[in-house]
Amino acid sequence: MTEAKRGDAVSKSAAVSAAGQAHAAASLIDLLAEATDEASLAKALQAAGLTGVTAPLLPALACARSRVRENACHALRLRGKLGDVELASLSVVVRDEDPTVRAAAVRAAAAVERPESVGAILLRGLCDRDETVSLASAAALVGGAAAALPGVIIGLGSVAEPTLLHVVVGLRRIPAAPSTLATTLGHGDERVRLRALQAICAIGDSALMQTEAAVRALLHDDSREVAACARRATARLLRIGGPQLRDEVPLPAADFEGGVLDAKAAERASKAGPSTLRGLANDGRLGVRRNAWRAIAAAGRLDHESTLLATVALKDADADVRALAAVALEQPAASAMAETTSALVLARRDGNQGVKVAVQRAIDRNADAMVAHLEPLLDARVDTIADAVVDTLAQIGFAKGSALLRAGLALPGPIQRTVSARALARLGAEAVQKCWKELVALLGDAYDPARAAALLAISVQGAKARADAALMERIRGMCSDDGSRLVRAAADRALRQIGA
């Protein structure tokens, strides 16, 4: 055969081979489109000799028909022992617009040869808003891809908080999830610790009780957000555990349920012990709760758990219970002073006058210790909380809070600087005089929203401001030309108060 004829023969053979491949691909698409369930699909693949074949299935994952994409995923799962190429294709399909296709892709991913490599796909499935996809991912993590669970849990650190609600739908179906989440609470990344703790709380009370030791270990976490979440979880643990003791705890006095204990009777009842009184403080009977807090207060200095329980009781439905809990917090445990500080500041907003008076008395008793824990509260994003912080700083006084207020004027957050300046204005002319340089320096940044509060604080020292011609010129310029409406209004008010 000549070279020309041999070349013609090769070309014809290649054309026939390409035509055969195209025909085989078209036949596979038809087969995938006609299969009504996985059983019929398995039979059709076996009849066509495609049971152990993977490569022809990958192009089918991009077919325009969702039934074909779904059955292609089923076929890959039946094939089993999928490698990196198939995994890369499934990582694209798991973003498909059809939830049934996404669920099929997640189930197929569980058939990979190395389960630990499929974490990204299963995390994506857990985050899916469609419950079918989330539960399919959970089933995979319980079954063949259980080895991927630790990696999936760590991946929660990159998940937004609203998305975590969808993740929990699947996590509730995974028996090993709470223990794995508890292990992750010691992770070096604070975002991972926070999401793991939030997931435990969202799964339910049983998961929280199962991981109690790990949760309590985060009460003094370096991350303020993680520690705050741990405090809320610990308070919830106290509420969970309390009512279980209701029928088992004997009342310390005959009239403990219906009467009002006087000082001597409360002191006698306090000898029942902290754990007994904590159980009674969680009792469903109103009279028992009130007298329990009278007895707890009469016992003197609270322990750590009683202090935490008292911070929760400041939100009780009954005003008397809230007031009595505030009385007990006049002697909190030193180890829980951060929680006590936050609770007392927030309780200043209580609508009951008796509760407010009791809270203010507790703040007076703990003012020295509270100052060290007030800095995180300067970043109050809610107006009513910011007002409560300002009121608390005004009550504590400049003599005790001077270092905190000076530091607050230099903190990076504009809300922190604003609250500090507002507190100085409330404290009066002497406090403003001692922080004068720091307040005037705040006016130098044309983009700092804390300038409005600084102006109002400066106006408290009217005579000193009038004596500074350059400062007065700056305030007049801010009144007329500043880009912020709030700052212009504050400058106008300051000028009127200064008398210029």
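Asp128 and Arg102 are joined by a salt bridge, in which the closest N and O atoms are 2.6 Å apart; the term stands for a side-chain nitrogen of Lys or Arg within 4 Å of a carboxyl oxygen of Asp or Glu. This pair links distant parts of the chain, since Asp128 sits in the loop between helix H7 (119–126) and helix H8 (131–142) while Arg102 belongs to helix H6, 26 residues apart. Helices here are DSSP runs of H or I with at least four residues, numbered from the N terminus. Both Asp128 and Arg102 are buried, where buried means under 20% relative accessible area, exposed means over 50%, and partly exposed lies in between (1.4 Å probe, protein chains only).

The model is a predicted one, in which local features need pLDDT of at least 70 and side-chain atom pairs count only at pLDDT 80 or more, while totals for chains, interfaces and linings use all residues. Residues are numbered from 1 along each chain as its sequence is written, and side-chain values use heavy atoms, with hydrogens and water left out.

The structure holds 26 salt bridges, and one of them brings together the side chains of Asp96 and Arg69 at 2.7 Å, N to O. Asp96 lies in the loop between helix H5 (84–93) and helix H6 (99–109), and Arg69 in helix H4 (residues 66–79), so this pair ties together parts that are 27 residues apart in sequence. Asp96 and Arg69 are both buried.

The salt bridge of Arg216 with Glu212, whose closest N and O atoms are 3.0 Å apart, is set within helix H14 (residues 212–216), where the two residues are 4 apart, about one turn of the helix. Arg216 has a relative accessible area of 22% and is therefore partly exposed, and Glu212, at 29%, also counts as partly exposed.

Helix H8 contains Ser137, which counts as buried because its relative accessibility is 0%. A polar atom of the Ser137 side chain lies 2.6 Å from the backbone oxygen of Leu122.

On the surface, Glu161, Glu190, Asp222 and Glu225 gather in a patch of negative charge. Such a patch is made of residues with over 30% relative accessible area and no salt bridge, like charges being joined within 9 Å and nonpolar side chains (Val, Leu, Ile, Met, Phe, Trp, Tyr) within 5 Å.

Conventions:
Accessible areas come from the Shrake-Rupley method with a 1.4 Å probe; for residues, only the protein chains shown count as cover. Lys and Arg count as positive and Asp and Glu as negative; His and the chain ends are not counted. The place of a charge is taken as NZ of Lys, CZ of Arg, CG of Asp or CD of Glu. A polar contact is a pair of N or O atoms within 3.5 Å; within protein, one must be able to donate a hydrogen and the other to accept it, and residues adjacent in sequence count only if both atoms are side-chain atoms.
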